Amino acid sequence: MTAILEHANVCVADPHATAAWMEKVFGWHIRWEGPAIHGGYSVHVGNKDSYMALYSPPEDIKDTLPRYANKGALNHLALI
């Protein structure tokens, strides 16, 4: 059996701007958007089989540590 990534959820400062970029670069479309967990907002952008959940918390996102220095944080996704 082959495993398939159905979606990934990442925090972004501006989910609409990030989704617009992904639509332009990857040819994706917004599948859903609306209120999300902990008072945040999410935009799901992708194709019919998979998507990126772009989550923005209700407070500003702070850069506390450089990338690759946060335990358990997502550093990157590779898309082909």
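This is a predicted model: local features need pLDDT of at least 70, side-chain atom pairs count only at pLDDT 80 or more; totals for chains, interfaces and linings use all residues.
**Figure 1. Overview of the protein chain.** The chain has 1 helix and 4 strands. Helices (H or I, at least four residues) and strands (E, at least two) are DSSP runs, numbered from the N terminus. Along the sequence the pattern is β-α-β-β-β. The C-alpha trace spans about 35 × 30 × 25 Å along its principal axes. Of the 80 residues, 26% count as buried. Buried means under 20% relative accessible area, exposed over 50%, and partly exposed in between (1.4 Å probe, protein chains only). Among contacts between residues at least 6 apart in sequence, 41% join residues at least 24 apart. Contact means heavy atoms within 4.5 Å.

Figure 2. Helix α1 covers residues 15-26. At 1.5 Å a residue, its 12 residues should span 16 Å, and the end C-alpha atoms are 16 Å apart, which agrees. The expected span is 1.5 Å times one less than the number of residues. P15, A19 and M22 are buried in α1. They cover an arc of only 60° around the axis, which puts them on the same side of α1. The arc is that of the directions from the helix axis to the C-beta atoms. An α-helix has 3.6 residues a turn, so residues three or four places apart point the same way. The cover over the buried residues of α1 includes β2 (29-35), β3 (41-46) and β4 (51-56).

**Figure 3. The two ends of α1.** At the start of the helix, a side-chain oxygen of D14 comes within 3.1 Å of the backbone nitrogen of H16. G27 follows α1 and has a positive phi, near 75°.

Figure 4. Why is β4 described as largely enclosed by the rest of the structure? The reason is that 6 of the 6 residues of β4 are buried. Both faces are covered, with Y51, A53 and Y55 on one side and M52, L54 and S56 on the other. Strands β1 and β4 run parallel and are joined by 5 bridges. Two strands pair if DSSP finds at least two bridges between them. N9 stands opposite A53 in β4, and V10 has L54 as its bridge partner there. Strands β3 and β4 run antiparallel, joined by 6 bridges. Here S42 has Y55 of β4 as its bridge partner. The two strands form a hairpin with 4 residues between them.

**Figure 5. The largest nonpolar core.** Ten residues are shown: A8, V10, V12, A19, M22, W28, V43, V45, M52 and L54. A nonpolar core is a set of buried Ala, Val, Leu, Ile, Met, Phe, Trp, Tyr and Cys residues joined through side-chain atoms within 4.5 Å. β1 (7-11), α1, β3 and β4 each supply at least two residues of this core. In β1, A8 and V10 form the covered face, whereas H7, N9 and C11 form the uncovered one. Beyond its neighbours within four places in sequence, M52 is in contact with A8, V10, M22, W28, V43, H44, V45 and L77. In soluble globular proteins, nonpolar side chains tend to be buried together.

**Figure 6. V12 and S56.** V12 has 12% relative accessibility, so it counts as buried. Neighbours within four places aside, V12 is in contact with T18, L54, Y55, S56, P57 and I61. S56 belongs to strand β4. At 12% relative accessibility, S56 counts as buried. Its contacts, again leaving aside neighbours within four places in sequence, are V12, A13, P15, G40 and Y41. The C-alpha atoms of V12 and N70 are separated by 16 Å, with the two residues 58 apart along the chain.

**Figure 7. H38 in the loop between β2 and β3.** H38 lies in this loop. Its phi is positive, near 60°, in a residue other than glycine. Most residues other than glycine have a negative phi. Is H38 buried or exposed? At 68% relative accessibility, H38 counts as exposed.

Note on methods: Residues are numbered from 1 along each chain as its sequence is written. Side-chain values use heavy atoms; hydrogens and water are left out. A polar contact is a pair of N or O atoms within 3.5 Å; within protein, one must be able to donate a hydrogen and the other to accept it, and residues adjacent in sequence count only if both atoms are side-chain atoms.
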